[in-house]
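Hi,

Here is the structure I promised to pass on.

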Amino acid sequence: MGLFDKLAGWLGIKKKEVHVLCLGLDNSGKTTIINKLKPSNAQAQDIVPTIGFSIEKFKTSSLSFTVFDMSGQGRYRNLWEHYYKEGQAIIFVIDSCDKLRMVVAKEELDTLLNHPDIKHRRMPILFFANKMDLRDALSSVKVSQQLCLESIKDKPWHICASDALKGEGLQEGVDWLQGRQIYSILQVLVNIELYFLH
Amino acid sequence: MSGSENKDINEVNSKWLDAHYDPVANLYTFSSCVALADLNGDGESKLVVGDLGSGASNMKLKVFKGTSLMTENTLLDLPTGLVAFHMDQNEPRTPAIAVASGPFIYVYKNLRPYFKFTLPPLEVNELEQEVWSQAREDKIDPMSLKEMLEGIRNKAQVPLSVRSLKFLMLEHQDMESFVNMHKQQPIRRQTVITCIGTLKKNMADEDAVSCLVIGTENMEIYVLDPEAFTILSKISLPSTPAFMDVTGQFDVEFRITVACRNGNIYILRRDSKKPKYCIELSSHAVGLVRVNKNIVVGCTQETLHGCTQKGKKLWTTYLPASIVTMGLMDHKSRGFQAVLVGLANSEVHMYRDKNLVNIIKTQDVITSICFGKYGREDGSLIMTTKGGGLIIKILKRTAVFDEKDTTPGPPVAQSVKLNVPKKTKLYVDQTMRERENAVAMHRAFQMDLYRLRLTAARAYVKALESNLTPMSSSASEPLKMNAVVQGLGPSFKLTLNIQNTSVCRPSMNLAISFWYDEKLYSLKTSFFKIPLLVPGLNYPIDTFVECLSDKGISDVIKVFVLQIGRSNPLLTAHINMPVSEGMALC
Ligand SMILES: Nc1nc2c(ncn2[C@@H]2O[C@H](COP(=O)(O)OP(=O)(O)OP(=O)(O)O)[C@@H](O)[C@H]2O)c(=O)[nH]1
Ligand SMILES: [Mg+2]
């Protein structure tokens with residue numbers, strides 16, 4: 001691992017955290033999810049609708065994440081795009097009970113995917129079909145159908161059903177995200193090695 | 001409904017997202033019976049509908065949350081109007097629902113029946129009362145009761161009660177039992193509510209306490225106290241109100257605009273007991289909406305009029321179909337207001353002043369329109385259809401409506417001063433010349449005109465002489481022909497329809513010849529005789545044309561109708577062949 005560390009250090013990956021954008025409509029549970037991922041002593045008790053955005057940090061076994069928890073309210077959604085450039089991954093949260101606004105979530109997702117700062121980048125997107133604990137929640141399969149996720153061909157993505165109040169399903173998602181980040185770092189290393197070999 | 005149809009509709013309306021469509025939601029209602037309100041105080045607006053049902057008995061008060069029905073309460077009679085309003089200062093600030101139906105207003109709090117208001121009884125005709133009291137004492141029999149009531153009906157100032165009117169409609173055998181059943185009860189005369197609105201009491205806040213304002217069949221408007229439901233104010237109108245808009249505050253200053261059944265709009269103010277302004281419409285009103293300070297009224301003549309709140313007409317727009325319903329689109333967070341007009345051609349038109357800014361095509365005719373916050377979405381458009389369907393659309397966050405010229409009055413261009421140059425010497429000379437030589441100039445013009453006509457006539461004659469037209473002009477053989485090409489290629493079917501247009505002379509000895517590029521097309525026979533043509537009948541003649549080229553080119557095939565023994569064709573047709581889309585067979 002000596003070489004890996006050296007290279008990682010040289011690339012600046014080790015010190016720099018992974019920047020994640022947390023997006024989704026208002027009331028979908030973004031803040032609740034991020035809060036649950038923080039160490040239990042740092043968790044907030046009351047969660048109020050986010051105004052503008054807030055920056056949160058949490059660590060997993062091998063990476064540390066800096067999350068931009070954006071407000072999902074209509075009047076703040078135009079802020080999202082200003083942070084696209086900095087984001088290295090996206091967490092997109094959907095309220096699986098809000099059937100009426102599934103079209104709105106899809107519209108925002110499509111706008112996001114077609115944004116010039118996102119469109120040609122292979123950044124991973126993690127979807128949380130949140131509030132799965134509620135009785136009339138749609139399954140993650142239904143949610144991915146309604147959002148037409150299968151049409152996302154040029155970006156790695158993953159969807160998990162989650163219950164942010166109990167924290168269920170969150171770990172699965174974060175593990176996937178972490179795997180994706182390490183995978184992309186390794187890919188960079190392989191490319192560098194190939195470069196030196198030639 | 002097919003998916004492709006849906007897609008077409010979507011493309012036209014790219015400003016709206018289709019959130020929900022249930023063609024069998026079983027909702028039969030009008031705009032006056034639909035409201036959006038945060039009934040539970042949880043920040044999620046619910047849809048409240050006074051459903052008229054489809055039979056005589058299915059009237060319901062329905063509440064929808066998201067895409068599903070949350071609760072329903074049975075209504076005793078057809079609802080004529082429904083409003084959500086705050087009747088007290090209690091926390092949490094949840095609105096009550098008032099449903100107007102017959103002479104009653106049913107008030108619901110937390111979706112439970114809370115209070116029933118009854119309109120005050122009307123004055124009863126004294127003679128009528130007298131007659132019925134005689135009937136009660138069995139002094140008169142039903143037949144004479146009927147005669148006397150009829151007499152009263154025909155000349156009395158005060159109209160008869162519903163009971164007497166019902167009695168007068170009965171058959172002879174039913175009269176006795178009706179009298180016996182009703183004679184003990186006192187006579188009551190009551191009117192019914194035709195429209196309902198709300199008026200803030202003394203504060204302008206969104207959730208301020210509001211009075212109910214009701215219009216009645218007997219041409220009156222009442223303002224009711226929000227808590228005690230006593231009558232705070234009563235205003236008489238010259239006609240029965242049908243549509244109403246209320247703005248302002250009861251204790252400060254308010255304005256009630258009513259469209260009445262006599263085709264007039266009256267504007268009432270706080271300080272006057274009589275209508276302050278009157279707008280006479282050329283046809284009956286079918287909807288009334290206030291946008292900012294102006295009134296927009298839809299009429300039966302497929303027109304939309306804009307008026308000021310002082311009754312001055314500003315503009316008129318003509319619509320492509322008759323109006324079924326109207327609603328206000330008030331997008332508060334964007335400060336955008338417009339009028340939504342549901343038309344009989346299954347379209348909803350959005351107007352800003354007189355400008356049409358958007359058209360929404362719907363699957364069925366829209367009977368009710370309500371725009372506002374539904375669930376958590378500010379820009380929700382709720383519509384119900386004639387067939388009982390429910391349509392929910394959400395305005396896209398990025399949607400903007402083209403602002404055309406919205407300033408009322410003449411277009412801006414009209415008031416721009418033109419930079420008219422000074423009269424030059426040349427101009428003055430020209431005018432002088434024109435004045436002096438007017439006759440000569442006119443003659444020169446006339447001469448040129450005749451020359452032009454002559455040239456045109458010559459060209460026409462030439463065309464006729466060489467029979468270049470598909471109408472034969474020769475008096476002896478009047479013929480008409482047209483050609484139809486069928487098929488995608490390389491084989492085409494060419495059908496020539498030939499008709500003898502003479503009155504009684506059959507055409508004989510005719511033949512048809514084709515001229516075409518032999519490198520491009522092949523025809524089985526390029527010359528054949530045609531049978532005797534009976535006058536008036538249409539003779540379809542089929543031939544098959546094979547296209548020999550696969551290069552996607554096409555050419556003209558000329559058809560000549562010839563008479564044996566004559567060198568000139570009777571008529572000529574040029575057929576522009578279509579490009580062969582199939583592969584050539586060679
Ligand atoms: N039942 C249930 N409720 C949830 C879940 N996740 C979040 N909530 C509730 O949903 C509400 C909104 O959660 P937030 O985390 O504030 O939502 P948000 O996406 O951050 O909203 P904005 O900041 O306005 O964009 C809160 O009342 C949460 O308690 C879940 O998994 N199940
Ligand atoms: Mg939040």
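Are A:Phe58 and A:Phe65 buried or exposed? A:Phe58 is buried, as is A:Phe65 (buried is under 20% relative accessible area, exposed over 50%, partly exposed in between, with a 1.4 Å probe and protein chains only).

Before you read on: this is a predicted model, where local features need pLDDT of at least 70, side-chain atom pairs count only at pLDDT 80 or more, and totals for chains, interfaces and linings use all residues. Residues are numbered from 1 along each chain as its sequence is written, chains are lettered from A and ligands numbered from 1 in the order in which they are written, and side-chain values use heavy atoms, leaving out hydrogens and water.

Over all chains, the search of the whole structure gives 14 aromatic pairs (rings of Phe, Tyr and Trp, the last by its six-membered ring, with centres within 6.5 Å; planes under 30 degrees apart are stacked, over 60 edge-to-face, the rest tilted). The pair of A:Phe58 and A:Phe65 is stacked, because the ring centres are 5.1 Å apart and the planes are at 20 degrees. In chain B, B:Trp132 and B:Phe167 pair edge-to-face, at 5.9 Å between centres and 65 degrees between planes. Both of these residues, B:Trp132 and B:Phe167, are buried. One aromatic cluster is formed by A:Phe53, A:Phe68 and A:Tyr83.

The charged end of B:Lys116 sits over the ring of B:Phe104, 4.1 Å from its centre, and that of B:Lys558 over the ring of B:Trp515, at 5.1 Å (NZ of Lys or CZ of Arg within 6 Å of the ring centre and within 35 degrees of the ring normal).

Best wishes
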